[in-house]
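Student: I would like to learn how to read an interface between two chains. Can we work through an example?
Tutor: Here is the example to work from.

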Amino acid sequence: MNDSQKDDAWLARPASIRLLWRVFWAVLALTVAAQLVIKVKGYFGIDDWLAFGAVYGFLACVAMVLVAKVLGYLLKRDENYYAAEDERD
Amino acid sequence: MTEFLPPALILLVGAILIGPLRGHLRSAVVLVAPLLTLWAVWQVPDGVVTTAPFLDYVIEPVEGSPLRRLFATIFALMAFVGGLYAFRQAKWYELAAGYAYAAGAVGVSFAGDLITLFIFWEMMALFSTVVVWSGGTPAARAAGVRYAIMHLLGGIILKVGIEGVVVHTGSIDIQPMLATNFDTWMVLIGILINAAAPPLSAWLADAYPESSPTGSVFLSAFTTKTAVLALILLFPGEPVLIWVGIYMVMYGIIYALLENDARRILAYSIVNQVGFMVCAIGIGTQMALNGAAAHAFAHIIYKGLLFMSAGVVVYRTGKSKCTDLGGLFRTMPLTTICGIIGALSISSFPLTSGFTTKSMISEAAVDEGLVLVYMLLTAASAGVFLHAGIKFPWFVFFQKDSGLRPKDAPWNMAAAMVIFAALCILIGIFPEPFYQFLPYATDYVAYKPGKVLFYLQLLLFSGLAFFLLLPLMRRTLTISLDLDWLWRVLFYRAGSVLLRVLASIGGAIETGIRTRVSSLRDVARRYLGFVESNRAHGIFARTWQIGTTALWIAILLSVYVLTYFIS
C-alpha cells in the first residue's frame, strides 16, 4: 500500500486505509453474525455450522497460496528463460 | 438451394470486406456485420435448416437448437462489442482475422454434422493464429507458431477421431457419445486440446498475452468456448470430464497466483473457468448442462471485459507486468471500475453474472451427491476471488504508486467496456429472463438468503486471506514452467544432442567415402582412362563405331535371353 503523505488520492492515504480496514472487519463480522438469523442450508452435515463458509474460504485460500509458494520454488524461472534457451544454440 | 442465409456467412463476408474498404465504410462494416449476424442467428429455427451434398455425404451446415442459438448469440455479440472496442485502434488485418475467427465460432455453433464442424474448427485455428501474429512482436510471431502447431495437431487428432466414428458408425451426425473406443477418445482429445485441458493447457497462457491489446479480447472468447459447446453436444455425462475439469480449475488458480503478467493472469483464469464448465459437462444432468452453457455465456462477457480493461492499460502504458503497474485508479477511473466489475463477476460475487450461472454447477454437483466435487468447486470459487477477483485489480490499479498517469480509455473502448459491465450486472440482478434461453427449461432460483450468505462469507474471508498473505505474494520477474517445457526445452535439447551425434557420424561416413572415392578415382584413371582428361587411354574411353556398339548390345541381349531360357 502507498504510504506517501503527499499523495492526493483519498484511497492512498494511511488514514483512509485504516478506515477501510475497520469497515472490512465490521462487514466480515456481520456476515458471520447474520448466520444467527439467516439459516445456511447444509448439504453434508458440517457445512451449516456457524461461520463454516468463512473458515472454509479462508483456509482454502491459505492452502492455495502455500501450495503455489512451494510449487513456485520448483517452477519459477527468470522471465527471459526461454529467450536465453533459444540463444544456447 | 435455399433462401436462408447462414449466420456465419454474414460475418465471414464482413471479414472479407474489412480489407478492401477504408475509413467510415470499413467502420460501418465492422459494426453492422455482427449485428446482422445476431439477427440471422435468431432466425434459425430448431432442427436441420440447410443441407448440401459433399463427397458421398449430405452435410448439414445449419442446424438450430436453443443451445446452439445461445452460443451463436454470445459469439456474435462478442464480435460486435470486440469490434467496437478494437475498430479505431486495431490493424485492419487483425480485425479481419478476428471476424473470420468469430465466423468460425458461429459456424461451429450451427454445425449439424461432424464434417461441417471440422471445417469451421480449422477455420478458427487458422484465423486465431493470425490474430496472435498481429501482436507484431518477435515474441508474438514465435508464440503464434507454437500456437498454430498445437492447434493443427489438435485438428489432426480430431480428424482421425471423426474419420473413425464415420467409418465405424456410418453416420456423420453430431450425437452424444462416450469415450469408449479409439475413435471417440480421439474426438474427445481433439476437442479437449482446444479447451486447454491438461496436459496441453500451456498454449493458452503462452499465446494470448503476446497478442495486441485488442487481439487478446477476441482470443479470450471463441476457441475454448466452442470446445465447451462441442463437449456439451458430443460428450454430455462423460465421467472423465469431471476430473479433467477439477484439474483445470486448480491449475488455473495456482499458475495465476505465481504469475506476474496481468494478461497472463487472466489467461490462466480462462483455463480455471473453462474447468468449471468441463466439470459440469462431466456431471451431465440437465441442471449441470444448463450451468455449463449459462456459465460459458456469462464467462465470455466478464472475461472479455477483464481483457478489455487490461488491454486499455497495455494500450495506454505499454506495460502489462504487475511489477511495473499500480496506482492507475487515479487517472483511469472508468477502466478501474469496469475491471472491478469483471473481477467480481468472475468471482461469482452476488449480484453479478458469475453468481447466477456458476452456482447452477455447484447445485448440480450437490443434486448428484458428488460431495467431494462440490467441496473442491467451492474451494475453487474462493480461489478464483483470490487469483483473479482481487489479485488482478489490486496489482494493476492499486498496490503501489507506479508513477504512471495514463489517460483513461478512448471513447470506443470505454463504450465496449460499459456495455459488457452492464450485462454482467444485468444478468446478475435479473437472471430469470436469461434462464429462458438455456437448453433445458428450468425453475432454478439463484438467490436464496442462506446461499447468498454462504458465498459472502466464503468470498469475503478469501479477501481477508489475500490481504493477510500479501507478503507471501510479492511479485517477482519470473515466468512459471509448464508441461510445454518438455518440448520447448527438453525435447529440443535432446534433439540438438541427437543432431550433433548424427552430424558427427555423418561426418565420419563422409570422410570414409571421400577416401574410398579418391582411391577409386585413382584406379579409374590408371586402368580405364576415366575422368579429368580429354585424352582417352583405357579400353572404355575409346570412341567406338555405332555398328560395333550395336553388335555388343546384340551379343549381351542374346546372352541374357539364353540364360533366361536355361534357368
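Student: How much area do chain A and chain B bury between them, and what share of it is on carbon and sulfur atoms?
Tutor: First, a caution: this is a predicted model. Begin with the buried area, then ask which atoms carry it. Chain A and chain B bury about 4800 Å² between them. Carbon and sulfur atoms account for 73% of it. On the chain A side, Met64(A), Glu79(A) and Tyr82(A) lose the most area to chain B. Together these three make up 15% of what that side buries.

Student: How many residues of each chain are in contact?
Tutor: Count each side separately. Chain A puts 50 residues in contact with 58 residues of chain B.

Student: How many salt bridges and polar contacts are there between the chains?
Tutor: Lys321(B) and Glu79(A) meet in a salt bridge through their side chains, at 3.2 Å from N to O. Glu79(A) is also among the chain A residues that lose the most area to chain B. Polar contacts link 12 residue pairs between the chains, counting pairs with both residues at pLDDT 80 or more.

Student: Which elements of chain A supply the side that touches chain B?
Tutor: Helix 1 (14–33), helix 2 (52–75), strand 1 (76–78) and helix 3 (81–87) of chain A each supply at least two residues. Helix 2 of chain A gives the most, with 18 residues. By class, that side of chain A has 32 nonpolar, 6 polar and 12 charged residues.

Student: In which sense do strand 1 of chain A and strand 3 of chain B pair?
Tutor: Check direction, then the bridges. The two strands pair in the antiparallel sense over 3 bridges, with strand 3 of chain B spanning residues 478–480. Within this pairing, Lys76(A) stands opposite Ser480(B).

Student: What joins strand 1 and strand 2 within chain B?
Tutor: Apply the reading used across the chains. Strand 1 (residues 47–54) and strand 2 (residues 57–64) of chain B run antiparallel, joined by 6 bridges. Gly47(B) has Gly64(B) as its bridge partner.

Student: Is His299(B) buried or exposed, and why?
Tutor: Read the relative accessibility. His299(B) counts as buried because its value is 0%, and the cut-off is under 20%. His299(B) lies in helix 13 (residues 286–317) of chain B. Leaving out residues up to four places away in sequence, His299(B) touches Lys225(B), Ile270(B), Gln273(B), Met277(B) and Gly304(B).

Definitions and conventions
Residues are numbered from 1 along each chain as its sequence is written. Chains are lettered from A and ligands numbered from 1 in the order in which they are written. This is a predicted model: local features need pLDDT of at least 70, side-chain atom pairs count only at pLDDT 80 or more; totals for chains, interfaces and linings use all residues. Side-chain values use heavy atoms; hydrogens and water are left out. Contact means heavy atoms within 4.5 Å. Buried area is the accessible area (1.4 Å probe) that two parts lose on being put together, summed over both. A salt bridge is a side-chain nitrogen of Lys or Arg within 4 Å of a carboxyl oxygen of Asp or Glu. A polar contact is a pair of N or O atoms within 3.5 Å; within protein, one must be able to donate a hydrogen and the other to accept it, and residues adjacent in sequence count only if both atoms are side-chain atoms. Helices (H or I, at least four residues) and strands (E, at least two) are DSSP runs, numbered from the N terminus. Ala, Val, Leu, Ile, Met, Phe, Trp, Tyr, Cys and Pro count as nonpolar, Asp, Glu, Lys and Arg as charged, and the others, Gly among them, as polar. Two strands pair if DSSP finds at least two bridges between them. Buried means under 20% relative accessible area, exposed over 50%, partly exposed in between (1.4 Å probe, protein chains only).
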